[in-house]
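Visitor: I have a structure to read and I am new to this. Can you walk me through the features one by one?
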Amino acid sequence: MNCPVCKTSSLEATELAAGQAQGLSARRCTGCGGQWVNGETYLLWVQRQGTNLPENEPDSVTELQVNQTNKAKLCPDCGRFLVRAKVGHGVGFQLERCGGCGGIWFDANEWESLVARNLHDDVHFVFSSTWQADVLRQEREQQREKLMIAKLGEADWNEIQRIKRWLDGHSKRSELYAVLAE
Ligand SMILES: [Zn+2]
Ligand SMILES: [Zn+2]
């Protein structure tokens, strides 16, 4: 079995560390450090975890360097093209999965980055339409925020956000909003 990036380097059996959880059997490229997980192995591992771990906020973890390889890759198991999907949630890289057998490719440090954010048990969800719709919604929200900051300036933007948080957490929220709208 050869690496879908390096082509000539072979993939060797390894176990991916998963924080407190049991490790996940995988194959690792000795050349680029990329890691391949069989689709069924992944789903069985997720089932064994029982509960889905709560996501860690992006600012709570140290970001690892990920050099995403942008060339199209072929599945080392069944030879089909791998399909990309954005992780979103503040994660800058995309994941790649085989449309045929469901195997997943992680470029070096991608798996470890997901473990740090507790997103390593959500990889199967990342490729769902619900997850992708949510990623799109987050992107639009960020775009809107960028536009508003450009319009209002950062100081006023932060101030209105502070006021909004105070209003939204207030027990007389609707009365306060009504006063503002007068
Ligand atoms: Zn490689
Ligand atoms: Zn495949």
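**Reading the metal sites, the sheet and the helices**

Guide: Start with a metal. The zinc ion (ligand 1) is coordinated by C3 (SG), C6 (SG), C29 (SG) and C32 (SG), at 2.2 to 2.3 Å. Keep in mind that this is a predicted model.

Visitor: Which arrangement do the four donor atoms around the zinc ion (ligand 1) have?

Guide: Look at the angles. Ideal angles at a metal are 109.5 degrees for four tetrahedral donors. Here the donor atoms of the zinc ion (ligand 1) subtend 105 to 117°, so the arrangement is tetrahedral.

Visitor: What spacing do the donors of the zinc ion (ligand 1) follow along the chain?

Guide: The pattern is C-x2-C-x22-C-x2-C. C3 lies in the segment before β1 (11-18), and C32 in the loop between β2 (21-29) and β3 (35-37), so this pair ties together parts that are 29 residues apart in sequence.

Visitor: Now ligand 2. Which residues coordinate the zinc ion (ligand 2)?

Guide: C75, C78, C98 and C101 do, each through SG, at 2.3 Å. The angles among the four donor atoms are 97 to 124°, and the site of the zinc ion (ligand 2) is tetrahedral. The donor residues are spaced C-x2-C-x19-C-x2-C. C75 is in the loop between α1 (39-49) and β4, while C98 is in strand β5; this pair links distant parts of the chain, 23 residues apart.

Visitor: On to the sheet. In what order do the six strands come?

Guide: The order is β1-β2-β3-β6-β5-β4, in an open sheet with antiparallel pairing. β1 and β4 are the edge strands, each pairing on one side only. From one strand to the next, the twist averages 35°.

Visitor: And the side chains of a strand?

Guide: In a regular strand they alternate between the two faces of the sheet.

Visitor: How many bridges join strand β4 to strand β5?

Guide: Six, between β4 (residues 82-88) and β5 (residues 91-98), which run antiparallel. G88 stands opposite V91 in β5. The two strands form a hairpin with two residues between them, and H89 in the turn has a positive phi of about 55°.

Visitor: What do β5 and β6 form?

Guide: Another turn to inspect. β5 and β6 form a hairpin with five residues between them. G102 in that turn has a positive phi of about 85°. Two bridges join β5 to β6 (residues 104-106), and these strands run antiparallel. R97 stands opposite I104 in β6.

Visitor: Where does β3 come in?

Guide: β3 pairs with β6 in the antiparallel sense, over three bridges. Q35 stands opposite F106 in β6.

Visitor: Which strands does α1 lie across?

Guide: α1 lies across β1, β2, β3 and β6, and runs at about 165° to β2.

Visitor: Last, the helix pairs. At what angle do α4 and α5 pack?

Guide: Take the axes and compare their directions. Helix α4 (residues 129-152) and α5 pack at about 120°, with axes 7 Å apart. That makes α4 oblique to α5. E145, M148, I149 and L152 in α4 meet E154, D156 and W157 in α5. By class, this contact has four nonpolar, no polar and three charged residues.

Visitor: How do the axes of α5 and α6 cross?

Guide: The axes of α5 (residues 154-168) and α6 (residues 173-181) come within 8 Å and cross at roughly 135°. α5 and α6 are therefore oblique to each other. The contact is made by K164, W166, L167 and D168 of α5 and R173, L176, Y177 and L180 of α6. By class, the contact of α5 with α6 has five nonpolar, no polar and three charged residues.

Definitions and conventions:
Residues numbered from 1 in each chain as written. Chains lettered and ligands numbered in written order. Predicted model: local features only at pLDDT ≥ 70, side-chain atom pairs only at ≥ 80, totals over all residues. Heavy atoms only, no water. Axes fitted to C-alpha atoms, helices over the stretch in contact; angles between N-to-C directions. Helix = DSSP H or I, 4+ residues; strand = E, 2+ residues; numbered from the N terminus. Parallel < 35°, antiparallel > 145°, perpendicular 65-115°, else oblique. Contact = heavy atoms within 4.5 Å. Nonpolar A, V, L, I, M, F, W, Y, C, P; charged D, E, K, R; others polar. Pairing = 2+ DSSP bridges. Donors = N, O, S within 2.8 Å, 3.2 Å for Na, K, Ca; no water. Tetrahedral: all angles 85-135°; square planar, octahedral: opposite > 155°, others 65-115°.
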